[in-house]
Structures are given as structure tokens and as C-alpha cells.
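Please keep the sequence and the structure in view while reading.

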Amino acid sequence: MEEIRLNKYLSEKGICSRREADRLIQEGRVTVDGQTAVMGMKVGEDQVICVGKKQISQGTARTVLLAVNKPVGVVCTTDRRERRNIVDFVGYPQRIYPVGRLDKDSEGLILMTNQGDLANQILKASHHHEKEYLVTVNKPVTEGFLRQMQAGVHIKKEEKGQVLLDAVTRPCQVERLGKQRFRIILTQGLNRQIRRMCQALGYQVEKLQRVRVVNIEIRGLPLGHFREVSGEEYRELLRILGAQSGADINVEEDF
């Protein structure tokens with residue numbers, strides 16, 4: 001389709017009249033490729049067009065990878081019935097979903113993408129991808145605690161007599177940062193793993209922040225904001241994933 005004026009496009013899609021479309025555009029309620037539309041602009045079918053939160057045109061499935069600094073209270077789910085779900089919180093104009101999870105009580109880096117293959121490569125447990133966290137606990141961090149955390153901790157979860165989790169965590173890197181604060185780098189992603197590890201050793205987590213996934217860092221990104229992962233950072237991620245999986249991962253030319 002050749003480009004046509006946005007108000008005509010919305011009218012032909014049956015969204016509203018041209019006059020009503022002009023009003024919506026003037027009120028800033030229409031976006032094109034994530035940017036607020038302006039009067040008189042022309043659009044094509046390859047663009048993502050939204051009126052409010054309703055997506056009118058899917059557009060070309062442009063490769064998207066976001067680094068999001070998630071606050072406490074936001075839930076990493078695509079279920080829109082969850083009041084504070086990550087999809088609505090980010091409000092990105094293309095359909096994206098979180099890569100894995102970061103529990104509701106934790107903050108920090110969560111990746112979001114529209115690429116199933118990329119998400120699977122990051123999440124695949126056998127690839128031992130690093131995830132780095134800063135943790136504050138309720139009492140002083142001892143040398144014994146650090147050694148146990150580093151060597152592996154037996155964690156278990158039971159519910160209604162059924163064992164849901166029973167595992168010894170993989171050895172990891174742990175470094176004390178302060179009296180009650182430490183850094184931990186995991187290469188696995190068991191459910192609420194750090195909280196369960198600390199609990200097994202008699203500690204309670206007071207604050208947990210994820211600051212890195214593979215080579216993607218949260219440094220400089222304000223809480224509650226997101227940025228696109230692109231350029232050399234994106235290419236380095238694909239290089240690491242490809243090297244660990246032994247497979248070639250496509251790099252989109254426009255990314």
C-alpha cells in the first residue's frame with residue numbers, strides 16, 4: 001500500500017471519521033511507530049499505528065529488545081488482568097513479552113522482546129547465562145554465609161504435601177559489598193532462588209535488585225524506565241549466545 005494521510009487511514013479502517021481522527025491526533029492520542037502522530041502525516045501498512053492503547057496496524061515485525069528497570073510491585077506477566085503487569089507498565093506500541101521473570105518484590109533489569117528464539121536462548125538453563133544481583137539482608141553477612149552461598153544451598157518448596165522444588169543450587173560467585181549487602185552472580189534461574197537460598201541459611205532478603213543479564217546492564221537507566229538494546233551491545237549479546245549454543249543467531253540489519 002502506498003502512503004496515505006493518517007486521518008484517511010483511520011477512516012478507511014473503520015475506526016472513526018476523518019474529522020474525529022483529526023481530533024484524536026490533535027489530542028495526542030494517536031501514535032505511529034511509538035511516536036506521537038502529527039496532523040497531516042502520511043502512513044503505510046508497514047507502520048505500527050495505535051489509537052490510545054488499541055493497536056490498529058501490526059506493521060512489520062521489527063526486531064525489539066528492551067532493557068526495563070522494573071520497580072517493586074510490577075508483575076512480569078502478559079496477563080492484562082493483573083493490574084500492574086509489565087506489558088501495560090512499559091506501554092510499548094508493539095507486542096512484546098518478558099524474557100523470564102523477576103518477582104514482584106524485586107526490582108531491576110528485565111528484558112522484553114518480540115523474538116521467541118532470542119528469549120529461548122537467554123532462558124535455556126544449559127547455557128549457564130550469567131545474571132547479576134545486588135542483595136540487602138536483615139543481618140550481617142558473615143564469611144560462613146558467603147562460603148555456603150557460593151558452594152550451593154539446598155532449597156525446597158512444598159505446598160499441600162506436594163514437593164514443588166527440591167534442589168541444590170549451582171555454585172556461584174558471591175562478594176560482600178557491605179555489612180548487610182552482597183553481590184551474587186547466578187547461572188541458573190530457580191523460582192525465587194536468592195530469597196530461598198538466604199532463607200535456608202537463616203537470612204531474610206530486604207532488597208533485591210537485578211543489575212545484569214548476560215552482557216546487558218541496568219547502569220544509568222532510571223527506575224521505571226526502559227531503553228532499546230541495539231548496536232554493539234545487541235551484537236555482543238548475539239555473539240555470546242551463539243558461542244554458548246553453537247548456533248548462529250540472526251542479527252537484523254536494522255537493529
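A pocket here is an open set of grid points, on a 1 Å grid over the protein atoms alone, where a 1.4 Å probe fits and where protein lies on both sides within 12 Å along at least five of seven lines. The model is predicted, and its largest pocket holds about 660 Å³ of space. The lining of this largest pocket comprises 32 residues, and those closest to the centre are R101, Y133, G189, L190 and R210. Sorted by class, the lining of the largest pocket contains 14 nonpolar residues, nine polar ones and nine charged ones.

The second largest pocket has a volume of about 370 Å³. Its lining is made up of 17 residues, with K53, R80, V87, Y92 and Q94 the closest to the centre. Of the residues in the lining of the second largest pocket, six are nonpolar, seven polar and four charged.

Now to the chain as a whole. Seven helices and 17 strands are found in the chain, and its C-alpha atoms fill a box of roughly 70 × 40 × 40 Å along the principal axes. The chain has 255 residues, 44% of which count as buried. Among contacts with a separation of 6 or more, 61% are between residues 24 or more positions apart.

How values were computed. Residues numbered from 1 in each chain as written. Predicted model: local features only at pLDDT ≥ 70, side-chain atom pairs only at ≥ 80, totals over all residues. Heavy atoms only, no water. 1 Å grid on protein atoms, 1.4 Å probe; cavity = no way out; pocket = protein on both sides within 12 Å on 5 of 7 lines; lining within 4 Å. Points joined across faces, edges and corners; volume = space filled by probe spheres on them. Nonpolar A, V, L, I, M, F, W, Y, C, P; charged D, E, K, R; others polar. Helix = DSSP H or I, 4+ residues; strand = E, 2+ residues; numbered from the N terminus. Buried < 20%, exposed > 50% of the residue type's maximum accessible area, 1.4 Å probe, protein only. Contact = heavy atoms within 4.5 Å.
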